[in-house]
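Here is a friendly walk through one protein chain and the spaces within its fold. Have the sequence and the model open as you read.

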Amino acid sequence: MAMVVAAGSVMQLAANSPMEAVAMQTLAMIFELFEYRTYLQGKTHVDKWMDRAKYASNLVLRRVRGNSAVAPASTAVQSEEAAQTAATASASVGARRDAVKLLTSLVVAMGIMEGAASAMTLGLFLMVPIQPSEVGEEPESTNRLLLLWFITFVFEVMVSEGSLAYLSQKWSRMFGESHFGDVVEVMKSETFSKKNQLVIGIVTICMVTYMHKVMIEALCPTPWNDTGKGLMSFSACCSEDGTPCDQYIDKDW
């Protein structure tokens, strides 16, 4: 998960224009909010689709039974079924509460990873001359990098995480803690003690550093155009499938 977050932060700073960065962040924010909302309900996407399939199956069964003559169950059978239903509901409430807490913690951890990955990637682009979107070009200017990073900060932190913290508190009070997680309460709990935060930090740093290594290995060192000496940037590589290498091979260096 941290590797995916790191890859996203690299793609953001490698955008060809601020408008492209805004478009990417808008789509990512929409999908992210829907994903987080599912987790805050104590469900994964698989659970959500299984619930929908179960609902559709029960709806079909009710309609089939409604069209057929079925003898009513006896009072003893009805009482036994009601007792079993109550016991199952009681057990499911406890399991649901644990699932909500666990997946809400996942949402908080993902938010921490996103912020750390974004800051580390910005630091890498500022310290190392990188141009991953163009072949043989100079690295991005500092002002452009800061603008792209600011777009990321607005969409991922101010809008996405801020609205999520507010809405999770509101929905948790409205539907109950066993049905909807509260991001703020989980951050204050022992789940995110200093020890656990340290573990999340170490994992994030390791995975983000690994993704940065993979990115740089996929780039080509480019010398200065005027002299053909010295490192101008780590830029995208020419290839037969993409930008031809002929225009670079013919230079008198």
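Helices (H or I, at least four residues) and strands (E, at least two) are taken as DSSP runs and numbered from the N terminus. On that basis the protein chain has eight helices and three strands. Read from the N terminus, the order of elements is α-α-α-α-β-α-α-α-β-β-α. This is a predicted model, in which local features need pLDDT of at least 70 and side-chain atom pairs count only at pLDDT 80 or more, while totals for chains, interfaces and linings use all residues. Residues are numbered from 1 along each chain as its sequence is written, and side-chain values use heavy atoms, with hydrogens and water left out.

**Burial and helix packing**

The chain holds 253 residues, and 29% of them count as buried (under 20% relative accessible area, with exposed over 50% and partly exposed in between, for a 1.4 Å probe and protein chains only). Tyr36 sits in helix α2, and its relative accessible area of 0% makes Tyr36 buried. Along the chain, Tyr36 and Ser168 are 132 residues apart, yet 9.8 Å separates their C-alpha atoms.

How do α2 and α5 pack, and at what angle? Their axes lie 10 Å apart, at an angle of about 20 degrees (axes are lines fitted to C-alpha atoms, for helices over the stretch in contact, and angles run from 0 to 180 degrees between N-to-C directions). α2 is therefore roughly parallel to α5 (angles under 35 degrees count as roughly parallel, over 145 as roughly antiparallel, 65 to 115 as roughly perpendicular and the rest as oblique). The crossing of α2 and α5 is right-handed, a term for a near helix turned clockwise from the far one by less than a right angle, with anticlockwise giving left-handed. The contact of α2 with α5 is made up of 14 nonpolar, six polar and five charged residues. Here Ala, Val, Leu, Ile, Met, Phe, Trp, Tyr, Cys and Pro are nonpolar, Asp, Glu, Lys and Arg are charged, and the others, Gly among them, are polar.

**Pockets and a cavity**

Now for the spaces. On a 1 Å grid over the protein atoms alone, a cavity is a set of points where a 1.4 Å probe fits but cannot get out, a pocket is an open set with protein on both sides within 12 Å along at least five of seven lines, and lining residues have an atom within 4 Å of a point. Points are joined across faces, edges and corners, and the volume is the space filled by probe spheres set on them.

| Space | Volume | Lining by class |
|---|---|---|
| Largest pocket | about 410 Å³ | nine nonpolar, six polar, three charged |
| Second largest pocket | about 300 Å³ | three nonpolar, seven polar, seven charged |
| Largest cavity | about 30 Å³ | three nonpolar, five polar, no charged |

The largest pocket has 18 lining residues, and Val4, Val5, Gly8, Ala28 and Glu156 are the closest to its centre. At least two lining residues come from each of α1 (2-13), α2 (18-40), α4 (75-127) and α5 (142-175). Helix α1 gives the largest share, six residues.

In the second largest pocket, 17 residues form the lining, and Glu177, Gly181, Asp182, Glu185 and Val186 lie nearest the centre. Two or more lining residues come from each of α4, α5 and α6 (183-188), with the largest share, six residues, from α4.

A search of the whole structure turns up one cavity of 30 Å³ or more. Its lining consists of Ser9, Gln12, Leu13, Ser118, Thr121, Leu122, Trp149 and Thr152, with α1, α4 and α5 each giving two or more residues.
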